[in-house]
Amino acid sequence: MVHGHPPLEHNGTFKMASIVTRRITWSVVTKPGLAAFSRGYAAKPALDSMNDILGDTLSGIKEAGTWKAERVITTKQAASIQVAGTQNKILNFCANNYLGLSSHPEVIEAAKSALDKYGAGLSSVRFICGTQDIHKELEEKISKFHNRDDTILYASCFDANAGIFEALMTPEDGIFSDELNHASIIDGIRLCKAQKNRYKHRDMADLENQLSNSNTRMKLIVTDGVFSMDGNYAPLKEIGALADKYGALIFIDECHATGFLGKTGRGTEEFLGVEGSVHIINSTLGKALGGAAGGYTTGPKALIDLLRQKSRPYLFSNTLPPPVVASASKVFDLLMKDSSLVDKVSANTKRFRDKMQDAGFSLGGEGHPICPIMLGEAALAVKYADLMLQEGIYVIGFSFPVVPKGKARIRVQISAAHSEEEIDHAVDAFIKVGRQLGVVN
Ligand code: PLP
């Protein structure tokens, strides 16, 4: 008997009730939250019952050492910030502010002017009455920057990833997705009805095996350009060769590449010397490109036309606010004029990685500003990050389920805004804490 579940008493759904009962019985052994439910919490008022169940789940997260606490910043995003509860300024080594443009005076000024001229927002989705000239201008700039036909803006790259696969891929089509792709890609693929194949991380033999066994109409290889937990790259040259061989399209997520990777910041294609080999690019405006919010898809015109007609996060969610559009637009202007910040983040990254490796740390990734300091145990990563804060360095420990069990790490992110002295100071702090915790000699 399932307690407190009125819908099951209607419409002759006893069969369903017995299935649910069986599931709950099973869950006594495996799921603490549902186990609580079967212990009789459902006899309490619904809210009390929910609080009991969630209390069990939250305790489980804390006991597993994977609780994510949030620190509160009381200043603008920058290389040097103030965090609530601490007296001194802190050096920030965990933002995606790769170019250091989040608080650039020209970016702020552009946002302010747009607020004055275009207002706070459109109170509308794009296709009803939410498209202004600045939205069209930004889409054109992005297309030009990536040298693609057309671009569609979203409120975030999460939305862009949630909206593309369901609109483009049908049950006749096949998706081939790297197993370590970002959560938003995984969720987006879940929403679509295409045949789904997951290949081992960057494993071209596995990808080829799956492509060769598929007779789907359209094939789409889906990968992060840069994998955000590891700072390593999709092998785009090899993926391109397989795409040619098996008639597949290529989609990449460039959130950790656009604006700063490659000689002029065009991203992973430029970095790996395979410009134009990818058919569809999704990226974010919320990291290097001003850091406010927003995402986009850029690619073939027919695809962008289709997304404007069918992509649900675009059709059913509010327009990007004018100040956000203007700040991203200003970043593209700055970048297209001058790519010296790209050189700066690259030089800073090399300095940090070289010094850390010389000090005996094990670093993941391949020269990317995402520098994972591999530590192994979750508790060590959390403790290390806390001690780093005491040294005036803000970094974050990442552990399961964000990265595999036993591969906890501190993910350092280098910015063009860091000075050489700040990089050196961070390395010194890593060494001091590393000695204290027995990570390095
Ligand atoms: N894709 C990747 C690889 C990301 O790292 C992120 C953000 O963390 C996203 C997509 C989502 O981007 P946004 O913050 O614009 O939703």
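How many bridges does S12 share with strand S15 (residues 408–413), and in which sense do the two pair? They pair over six bridges in the antiparallel sense. Welcome to this predicted model, in which local features need pLDDT of at least 70, side-chain atom pairs count only at pLDDT 80 or more, and totals for chains, interfaces and linings use all residues. Residues are numbered from 1 along each chain as its sequence is written, and side-chain values use heavy atoms, with hydrogens and water left out.

**The sheet around S15**

- Helices (H or I, at least four residues) and strands (E, at least two) are DSSP runs numbered from the N terminus, and two strands pair if DSSP finds at least two bridges between them.
- S12, S15 and S14 make an open, antiparallel sheet in the order S12-S15-S14.
- Strand S12 (370–376) and strand S14 (396–398) each have a single partner strand, so one side of each has no neighbour in the sheet.
- On average, neighbouring strands here are turned by 30 degrees against each other, direction ignored.
- Gly 376 sits opposite Ala 408 in S15.
- H15 lies across S12 and S15, at about 20 degrees to S12 (axes are lines fitted to C-alpha atoms, for helices over the stretch in contact, with angles from 0 to 180 degrees between N-to-C directions).

**Strand S6, covered on both faces**

- Six of the six residues of strand S6 (residues 219–224) are buried, meaning under 20% relative accessible area with a 1.4 Å probe, protein chains only.
- One face carries Lys 219, Ile 221 and Thr 223, the other Leu 220, Val 222 and Asp 224.
- Strand S4 (residues 174–178) runs parallel to S6 and is joined to S6 by four bridges, while six bridges link S6 to the parallel strand S9 (residues 248–253).
- Val 222 stands opposite Ser 177 and has Phe 251 as its bridge partner in S9.

**Nonpolar cores**

- A nonpolar core is a set of buried Ala, Val, Leu, Ile, Met, Phe, Trp, Tyr and Cys residues joined through side-chain atoms within 4.5 Å.
- The largest has 34 residues, and Leu 138, Leu 285 and Phe 332 have the most contacts inside it.
- Helix H4 (105–118), helix H6 (133–146), helix H14 (322–337) and helix H15 (340–358) each supply at least two of its residues, with H14 giving the largest share, eight residues.
- Beyond its neighbours within four places in sequence, Leu 138 is in contact (heavy atoms within 4.5 Å) with residues including Leu 153, Leu 285 and Phe 332.
- Another core, of 29 residues, lies apart from this one and includes Phe 352, Met 356, Leu 363 and Val 433.

Methods: Buried means under 20% relative accessible area, exposed over 50%, partly exposed in between (1.4 Å probe, protein chains only).
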